[in-house]
Each structure stands twice: as structure tokens, then as C-alpha cells.
Amino acid sequence: MRDALEIRFTLSKADHLRATVKDVGDKESFDLLLTRAERRLHVEVEGTTSAGLEVILTRAEVEKQRKYYPDNALVVVHSIELDRTGTEPATSGGVLHCTSPWVVDDEDLTVISYVYRTRVGTRPSGDVAEEQTLFTPGVPQQRQAQGKPEAADDGRSLL
């Protein structure tokens, strides 16, 4: 869906800005680089079928946009109609909203996921307090899944 959005953005805004547009989304943590004379604008494009009140950004996208401020922009194409009746999904419509320069404020960000580093495969350190175990001594704490997982009383998997 990103390509369709970039085409819409390019057609509707690039001529107006008299800028050259380069798709850098495969190499950078933003989608478009607009250049006019000596000025460069780093553009993040987000498309949604919703009203566009919220979009999902990666950590890298946020960091890049903060780095490039004030030479940056957020382009949200919202209210896109998505047709899934054909063999390939098709998009149409959409309302374009551009914010530039774009200040990415902490109060406008909500954490929606974390990466948690487990201790799997590490040996306990002498400096770390001993962990409580849920298993009785002598019971292996890792086991290989074999066959179909056992089900608890409520029908959910134990694993």
C-alpha cells in the first residue's frame, strides 16, 4: 500500500513544491527525500483507512525525524478506501495531511510494545540474587515440545 500512497503524495505535492522526489524507504528510516535547490526535506509517509488520529511509527523513524528537524515532514494519508474483493488489495481515495516542520514530542508518543531480553541460555551470575523457581528441584526447566501440547482444564495450551 505504501507505493500507492507515495504516488498520490508525489503527484499532489511534488509539482506544487517544485521538488524532486526520491523514494528512499528501502534504505532509510523515512520514505521520501524531497530536494529543491540546496534544501532537503525528509518525509515520513503513513497511510491508514482510519481517520488518521494515530499512526504507528518505529523507534528508528522517530529518531531520524528528530535528527532531521526542521527539515522533515509527516505526511498522513487517512480515510483510504481498501478494496479486498480482487486478487490483490486495491486502494482509492484518502485525505492527505502534511505537517512540516514536524516536532516529534514525547507526549504525542505512546509505547505499544517492548523487546524484553530473557536470561535463556545464560548462567546465573554470583552477583545476581538467586531466582525463585516455579519448579520443584530436579524437574527440568526447559523441555522440548513433542507432539501435541497438553491442554489445561480450560482448553488452553500449557505452553
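Reader: Let's begin with the largest pocket: how much space lies in it?
Author: Happy to start there, with the reminder that this is a predicted model. Rolling a probe the size of a water molecule over the atoms shows where empty space is left. For the largest pocket, the space comes to about 980 Å³.

Reader: Which residues of the lining are the closest to the centre of the largest pocket?
Author: The lining of the largest pocket is made up of 27 residues. The ones closest to its centre are V55, L57, V62, L109 and T110.

Reader: And which element gives the largest share of the lining?
Author: Helix α2 and the strands β4 and β5 each supply at least two lining residues. The largest share is 4 residues, and the element that gives it is α2.

Reader: Which element has the highest mean pLDDT, and which the lowest?
Author: For background, the protein chain averages a pLDDT of 80, and 66% of the residues score at least 70. Helix α2, residues 59-68, has the highest mean among the elements, at 96. The lowest mean, 54, belongs to residues 2-17, which form helix α1.

Reader: Within helix α2, is E61 buried or exposed?
Author: E61 lies in helix α2 and touches S29, E44, E46 and I56, leaving aside residues up to four places away in sequence. Its relative accessible area is 14%. Buried means under 20%, so E61 is buried.

Reader: How are the rings of the aromatic pair arranged?
Author: The count comes to 1 aromatic pair. F30 and Y68 form it, with 5.6 Å centre to centre and 80° between the planes. Planes over 60 degrees apart count as edge-to-face, so the arrangement of F30 and Y68 is edge-to-face.

Reader: How many residues apart in sequence are the parts that this pair ties together?
Author: F30 is buried at 3% relative accessible area, and Y68 also counts as buried, at 19%. F30 lies in the loop between β1 and β2, while Y68 lies in helix α2. The pair therefore ties together parts whose separation in sequence is 38 residues.

Reader: What is the phi of A37?
Author: A37 sits in the loop between β2 and β3. With 72% relative accessibility, A37 counts as exposed. A37 is a residue other than glycine, yet its phi is positive, near 55°.

Reader: And is S79 buried or exposed, or in between?
Author: S79 is found in strand β4 and has a positive phi of about 60° although it is not a glycine. Its relative accessible area is 33%. Exposed means over 50% and buried under 20%, so S79 is partly exposed.

Note on methods:
Residues are numbered from 1 along each chain as its sequence is written. This is a predicted model: local features need pLDDT of at least 70, side-chain atom pairs count only at pLDDT 80 or more; totals for chains, interfaces and linings use all residues. Side-chain values use heavy atoms; hydrogens and water are left out. pLDDT is the predictor's confidence in each residue, from 0 to 100. Buried means under 20% relative accessible area, exposed over 50%, partly exposed in between (1.4 Å probe, protein chains only). Contact means heavy atoms within 4.5 Å. Rings of Phe, Tyr and Trp (its six-membered ring) pair if their centres lie within 6.5 Å; planes under 30 degrees apart count as stacked, over 60 as edge-to-face and the rest as tilted. On a 1 Å grid over the protein atoms alone, a cavity is a set of points where a 1.4 Å probe fits but cannot get out, and a pocket is an open set with protein on both sides within 12 Å along at least five of seven lines; lining residues have an atom within 4 Å of a point. Grid points are joined across faces, edges and corners, and a volume is the space filled by probe spheres set on the points.
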